[in-house]
Amino acid sequence: MTDTSEATPTPIGRRTVLIATGATAAALAVTAAPEAPTADAAETAPVAAAAVCTLTKEMTEGPYYLDGALVRADIREDKTGFRLNLALTVVDDDTCAVIPNALVEIWHCDALGEYSGYVGNNGHNEPDNGTFLRGGVLTDSSGLATITTVYPGWYRGRCVHIHVKVHTGVTLTSDGSFTGGTELHTGQLFFNETITARVGALSPYSTNTVTRTTLAQDSIYDEGGAASGLLTLTALGTSPSAGYTGTLTLGIER
């Protein structure tokens, strides 16, 4: 199924920025504080070092979002694929002050291009529990959210990408999810084309026979680099199968 609803980005009035700075490797320990955010948190938060605020448009949510994502630092479940450690820092776009206790939620397809809750839309038959490769964590005192997942695959009509939302003021629930709060950002994260080509040549990605759309061919990515959600990728080893760390700073308007 072609992702036709993503062919044209949905206009959104809020300003959103992505700040072209990465988190350091030392920041990759997951610390998702359970306390609810307070109104004073952003006022006293430190400023992200050397941040350069660059305004960019938000991007479409797409057709595969599901409510009730689990709050968890590892969303892989039993999915095969190359490890991806995401390190996403959330800051205020006006002051560049980091925002602690913001929920960073992501969702993306597996190596065969299938989304949980929608398996079969990319032509593959596999178990579907409705939760794999979905979830998120609260940012720590440095505004950092670290999430472990796998390098995404691709599906008809779209380049390799990850969807992301940022919420503030959420309440964690007893079933491991969250409720309430305010959704401040909806966007997408993108991947270096050269690295994606190397990943796509290896199993299990090579078993995805759907023609891959490149960054240059994609209808959503606008060639804006980090300002448009392009991750900084750092290899975890000498082979793509060892995985990558992906870093980016998201600036949102409160």
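Strands β4 (103–107) and β5 (residues 134–138) pair in the antiparallel sense over five bridges, where two strands count as paired if DSSP finds at least two bridges between them, and where strands (E, at least two residues) and helices (H or I, at least four residues) are DSSP runs numbered from the N terminus. Within this pairing, Ile 106 has Gly 135 of β5 as its bridge partner, and Glu 105 has Gly 136 of β5. The model is a predicted one, in which local features need pLDDT of at least 70 and side-chain atom pairs count only at pLDDT 80 or more, while totals for chains, interfaces and linings use all residues. Residues are numbered from 1 along each chain as its sequence is written, and side-chain values use heavy atoms, with hydrogens and water left out.

Strands of a sheet pair through backbone hydrogen bonds, either parallel or antiparallel. Here β5 and β4 belong to an open sheet of four strands, in the order β5-β4-β7-β10 and with antiparallel pairing. Its edge strands are β5 and β10 (182–190), each of which pairs on one side only, and the twist averages 20 degrees from one strand to the next, with axes taken as lines fitted to C-alpha atoms (for helices over the stretch in contact) and angles running from 0 to 180 degrees between N-to-C directions. Five bridges join β4 to β7 in the antiparallel sense, and in that pair Leu 103 has His 167 of β7 as its bridge partner. Strand β7 (residues 161–168) is in turn joined to β10 by eight bridges, again antiparallel, and His 167 stands opposite Glu 183 in β10.

Strand β4 is largely enclosed by the rest of the structure, because five of its five residues are buried, a word that means under 20% relative accessible area, as against exposed for over 50% and partly exposed in between (1.4 Å probe, protein chains only). In a regular strand the side chains alternate between the two faces of the sheet. In β4, Leu 103, Glu 105 and Trp 107 point one way and Val 104 and Ile 106 the other way, and all are buried. Strand β5 is mostly covered too, with five of its five residues buried.

Turning to the loops, Cys 96 is found between β3 (83–92) and β4, where its phi is near 65 degrees, a positive value in a residue other than glycine; at 9% relative accessibility, Cys 96 counts as buried. Glu 223, in the loop between α2 and β11, also has phi near 65 degrees, but counts as exposed at 51% relative accessibility.

Thr 207 has its place in the loop between α2 and β11 and is partly exposed, with a relative accessible area of 44%. Leaving aside neighbours within four places in sequence, Thr 207 is in contact (heavy atoms within 4.5 Å) with Leu 112 and His 124. Thr 207 and Leu 112 are 95 residues apart in sequence, yet 7.2 Å apart in space, C-alpha to C-alpha.

Pro 204 lies in the loop between α2 (193–200) and β11 (232–235), and the peptide bond from Ser 203 to Pro 204 is cis, with omega near 10 degrees. Residues lining the second largest pocket include Pro 204, Leu 112, Asp 110 and Phe 132.

Notes:
1 Å grid on protein atoms, 1.4 Å probe; cavity = no way out; pocket = protein on both sides within 12 Å on 5 of 7 lines; lining within 4 Å.
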